[in-house]
Amino acid sequence: MSGLEERERAVELYFTTPMATAQVVEHLGYPTRQCLERWLAMDSRYAGHMAKPIIPLETRRRAVELVLGGMQQKQAAKQLGVSVGAVHGWVRAYRKGGMAALQPKNRNSAQGNKPADSRCVLASWRPLCERCFSAV
């Protein structure tokens, strides 16, 4: 399967099933969740549905450094291109739990704990889910 075919299959699976992005990735074994979200962002059907991007740990760490170094949260947010609320939350989290508290959270962790086969229950999924239904 070519890269374009894989891309089309992943995007189509997302739109034609109730699977979340993490579930599509787990089911297909490709791409990464972030890559699938980029592919979805390029599709007109997905306009306006993009989740907030996960801000990298380095940006979070830098924001905390700037604020603890005496910069106002508003200035730090402007310099880093993030919201003041995000900076406030990161500083508060850092003060409460240190660097470990700044780690980005996996938003889809609660949805990805079922095996892929148990999610493929609709007959209409068969054309997109050959792997699950080949054993049926």
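**How helices α5 and α6 meet**

In this predicted model, helix α5 passes helix α6 in a right-handed crossing. Helix α5 covers residues 73–80 and helix α6 covers residues 84–97. Their axes come within 8 Å of each other, and the crossing angle is roughly 115°. Because angles of 65 to 115 degrees are classed as roughly perpendicular, α5 and α6 are therefore described as roughly perpendicular to each other.

From α5, the residues involved are Gln73, Lys74, Ala76 and Ala77. They meet Val84, Val87, His88 and Val91 of α6. By residue type, the contact of α5 with α6 is made up of five nonpolar residues, two polar ones and one charged one.

The secondary structure consists of eight helices, with zero strands. Read from the N terminus, the order of elements is accordingly written α-α-α-α-α-α-α-α.

The chain has 136 residues, and 35% of them count as buried. As for how the chain contacts itself, among contacts between residues at least 6 apart in sequence, 53% join residues at least 24 apart.

Notes: Residues numbered from 1 in each chain as written. Predicted model: local features only at pLDDT ≥ 70, side-chain atom pairs only at ≥ 80, totals over all residues. Heavy atoms only, no water. Axes fitted to C-alpha atoms, helices over the stretch in contact; angles between N-to-C directions. Helix = DSSP H or I, 4+ residues; strand = E, 2+ residues; numbered from the N terminus. Parallel < 35°, antiparallel > 145°, perpendicular 65-115°, else oblique. Left-handed = near helix turned anticlockwise from the far one by under 90°. Contact = heavy atoms within 4.5 Å. Nonpolar A, V, L, I, M, F, W, Y, C, P; charged D, E, K, R; others polar. Buried < 20%, exposed > 50% of the residue type's maximum accessible area, 1.4 Å probe, protein only.
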